[in-house]
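Q: I would like a close look at a single part of this model, taken slowly and with its surroundings. Please keep to what can be read from the coordinates.

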Amino acid sequence: MNLNDFFDIYATALSNYDTKGMAFLYASPCIFISNEKSTVFSEPSQLEGLFNQGIGFYKQYGITNVVAELRSWRHITDKIIIAKLRWKYCDENNTLLYDCDYEYILKADKHGKWKIEMAISINEKERMEAWLKNKR
């Protein structure tokens, strides 16, 4: 599976509020890093808990469509890739509400399927806070 397809599956799971489907795309353990903190998730159920919090936010603020825009990627090794992605969060009319940038480190599992080992939030908190401030 190519990376565009991988992140399209992720975006569809996000848009459908499918936390199990989202967690399935991650390795176990995996790590989330932002300027504020680093968190290791050793079990898929922990990751689902995080995603459920996000889904609650999406529902509250009318985010119903999420688009993944793969900006660039490169192989680090034959089984490890680093990818830069822009997430676009839209309402039911596909109007862009806000976007944010992430970098991901993915590794092919023993079956050759990509799994996210590390998710790095570049500016999600700032972009989300700016959108919420302008929304008021």
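Which residues does Y10 touch, not counting residues up to four places away in sequence?

A: In this predicted model, Y10 touches M22, L25, Y26, F51, W87, Y104 and I116, once residues up to four places away in sequence are set aside. Y10 also belongs to the largest nonpolar core, a set of 41 residues in which F7, Y10, Y26, W87 and Y104 have the most contacts.

Among the partners of Y10 is Y104, which has its place in strand β5. Because its relative accessibility is 2%, under the 20% limit, Y104 counts as buried. Leaving aside neighbours within four places in sequence, Y104 is in contact with F7, Y10, Y26, I81, I82, A83, L85, W87, I116, M118 and A119. Its C-alpha atom is separated by 22 Å from that of E129, a residue 25 places apart from Y104 along the chain.

One of the contacts of Y104 is A119, placed in strand β6, which covers residues 114-121. A119 is likewise counted as buried, with a relative accessibility of 1%. Beyond its neighbours within four places in sequence, A119 is in contact with Y26, I31, F32, I33, Y102, E103 and Y104. The C-alpha atoms of A119 and M22 are separated by 13 Å, although the two residues are 97 residues apart along the chain; M22 is itself one of the residues that Y10 touches.

The length of α3 can be checked by simple reasoning: at 1.5 Å a residue, its 17 residues should span 24 Å, and the end C-alpha atoms are 24 Å apart, so the two values agree. After α3 comes G62, whose phi is positive, near 75°.

Two or more lining residues come from each of α1 (3-15), β1 (26-33), β2 (38-41), α3 (44-60), β4 (80-90), β5 (96-108) and α4 (124-135). By class, the lining comprises 17 nonpolar, 6 polar and 5 charged residues.

The structure holds 1 cavity of 30 Å³ or more, and the largest cavity has a volume of about 40 Å³. The lining residues divide into 7 nonpolar, 2 polar and 1 charged.

Finally, helix α1 also contains S15, which is buried, with a relative accessible area of 14%. Apart from neighbours within four places in sequence, S15 is in contact with T64, N65 and V66.

Notes: Residues are numbered from 1 along each chain as its sequence is written. This is a predicted model: local features need pLDDT of at least 70, side-chain atom pairs count only at pLDDT 80 or more; totals for chains, interfaces and linings use all residues. Side-chain values use heavy atoms; hydrogens and water are left out. Helices (H or I, at least four residues) and strands (E, at least two) are DSSP runs, numbered from the N terminus. Ala, Val, Leu, Ile, Met, Phe, Trp, Tyr, Cys and Pro count as nonpolar, Asp, Glu, Lys and Arg as charged, and the others, Gly among them, as polar. The expected span of a helix is 1.5 Å times one less than its number of residues. A nonpolar core is a set of buried Ala, Val, Leu, Ile, Met, Phe, Trp, Tyr and Cys residues joined through side-chain atoms within 4.5 Å. Buried means under 20% relative accessible area, exposed over 50%, partly exposed in between (1.4 Å probe, protein chains only). Contact means heavy atoms within 4.5 Å. On a 1 Å grid over the protein atoms alone, a cavity is a set of points where a 1.4 Å probe fits but cannot get out, and a pocket is an open set with protein on both sides within 12 Å along at least five of seven lines; lining residues have an atom within 4 Å of a point. Grid points are joined across faces, edges and corners, and a volume is the space filled by probe spheres set on the points.
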